[in-house]
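This report is meant for someone who is meeting the structure for the first time.

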Amino acid sequence: MNITRRKLLIGGGAICAAGIGASVLGPMLSREGRLVPGKPRYGFIAGSEGELPKSADAVIIGAGILGIMTAINLREKGLSVVIVEKGNIAGEQSSRFYGQLITYKMEGDTFMLHHLGKEHWRGMNEKIGTDTSYRTQGRVEVPLSDEDLQNVRTWIEGKKELLSGSLPLKTRIIQGEELKTRLKGATSNWTIAGFEEDSGSLDPEIAAFRMAEYAKKIGVKIYTQCAARGIEKQGGTVSDVVTEKGAIRTTRAVVCGGAWSRLFMQNLDVDLETLPAYQSQQLITGGPGLPGANVALPGNIFFREQANGTYATSPRIEVIPIVKESFFYGYKYLPLLAPEDVFVHFSINEQLLNSFSQKTKWSLSEQSPFENNRDMVAVADFKDLNESLVTLKKEFPAFTHSKIIDQWSGAMAVAPDESPIISVVNECPGLVVNTATSWGMTESPVSSAIAADLLLGNKPVIDPKAFSLYRFS
Ligand SMILES: Cc1cc2nc3c(=O)[nH]c(=O)nc-3n(C[C@H](O)[C@H](O)[C@H](O)COP(=O)(O)OP(=O)(O)OC[C@H]3O[C@@H](n4cnc5c(N)ncnc54)[C@H](O)[C@@H]3O)c2cc1C
């Protein structure tokens, strides 16, 4: 059963309270949506060697793309920076993403975060002197309905007005011959679409690893298999980041812990509200006669050509495991009443029980939960992936002989308004969080600049109010 995002938003608690029939409960119980130990996909790179430094100007918790980019930002401002990572570099979300850098239909300050993020990525290969896999690609999205089309038209007009000449919006409506060419080989006769000319593309097997190499090259130290257990304070402010391998003296720390940030902050008595969401992806071989672009079509057809000519595809179905928190603040996801273009599957599995028994407080001298969860990944939903491939081949027969190279899933943690949390932590001066995003690849060059500015007391390029940790309370 597909449950649209609209229906998801009543929250896990409400669902259970309403009573769940066997026809709903059955699929929820058998569905994937579990976290298991994994390893980074393809691009493994080693961390720094030697002893953990005794002190640093700033310590970053987590070596995903947000941690890496935040570290680069601070290092480029002249600080000595250490990243501590419980598993491997980009071992979780940052080697498992789909890889589109887009602004399409984005609203509020998140739109600017994406718009500027895309601009940064356009210059990244040149800046770091390496091919990060970044390509400006162009993305075609066929609207789901007349209403959707009208909304896109209104969105384009609004954003054009918002942006001044320096960095104009490059999204427009296309039809006729241009659309035919951009969707060459399609079986259906699509008549109209939105086209984001300057959308970007990054490959999950490459991008974060190249950025981590660059970080190391400019002097960032990255220690892997080194979980941060917590923050020690002196006089109410950050004094040490305590890891399983010892403490690092510092007055500045940034939590970029991805799906684990909430748990890390719980030990500091700070409520960072997120719920888990998993999405399955696959990589397939391409072939002649395909549109080398990013395509999104009704019927859950999504594909993106990678730098080496392979294709990333995904049904883009979000699997939502019901956890303890779903009952407490699932209702806060109500304002997310988004267009019905994302499908959601609920899953009830052992994670529900685990979320009740999960330790949320520990002392910094004892083993923390992070040491038992090194590189955790979600189990892929192979049924959805295989079905979506059949649909894709029907719509684009040029994929008929494509072979599956890899199938995987990634675990995100999403805030109630789907915007990232980039914020100072009032309860712990010296600590900043940069986390809780489902668009971290697009946003990371800018979200990390904002995090660095917040840490150093500078004025960020975008007003961070919309990303505050406290916006839900
Ligand atoms: C399936 C999927 C598709 C996506 N598609 C896109 C897309 O098309 N475009 C886009 O822009 N974004 C996309 N994203 C989102 C993007 O991948 C993420 O937002 C981004 O990778 C998050 O980076 P991160 O650094 O916050 O998290 P992660 O990459 O998960 O890194 C967090 C790191 O922190 C470490 N850590 C946690 N706790 C501790 C601790 N206590 N001590 C030490 N280390 C710790 C973890 O081990 C982990 O390595 C997608 C994500 C997924 C899962």
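Which residue is the bridge partner of Asp 240 in β14? The model is a predicted one, and in this model the partner of Asp 240 is Arg 249, which belongs to β14. The two strands concerned, β13 with residues 237–243 and β14 with residues 246–249, pair in the antiparallel sense over 4 bridges, and together they form a hairpin that has 2 residues between its strands.

A further arrangement of strands is an open sheet of 3 strands, in which the order is β5-β10-β6 and the pairing is antiparallel. Its edge strands are β5 (100–101) and β6 (135–136), each of which pairs on one side only. Between β6 and β10, the latter made of residues 200–201, the antiparallel pairing runs over 2 bridges, and Thr 136 stands opposite Gly 200 of β10.

| Strand | Partner strand | Bridges |
|---|---|---|
| β13 (residues 237–243) | β14 (residues 246–249) | 4 bridges |
| β6 | β10 (residues 200–201) | 2 bridges |

Asn 267 lies in the loop that runs between α10 (261–266) and β16 (275–284). Is Asn 267 buried or exposed? Asn 267 has a relative accessible area of 12% and is therefore buried, since the cut-off for this class is under 20%. When neighbours within four places in sequence are left aside, Asn 267 is in contact with Arg 229 and also with Thr 360, Lys 361, Trp 362 and Leu 364.

How values were computed:
Residues numbered from 1 in each chain as written. Predicted model: local features only at pLDDT ≥ 70, side-chain atom pairs only at ≥ 80, totals over all residues. Heavy atoms only, no water. Buried < 20%, exposed > 50% of the residue type's maximum accessible area, 1.4 Å probe, protein only. Contact = heavy atoms within 4.5 Å. Pairing = 2+ DSSP bridges.
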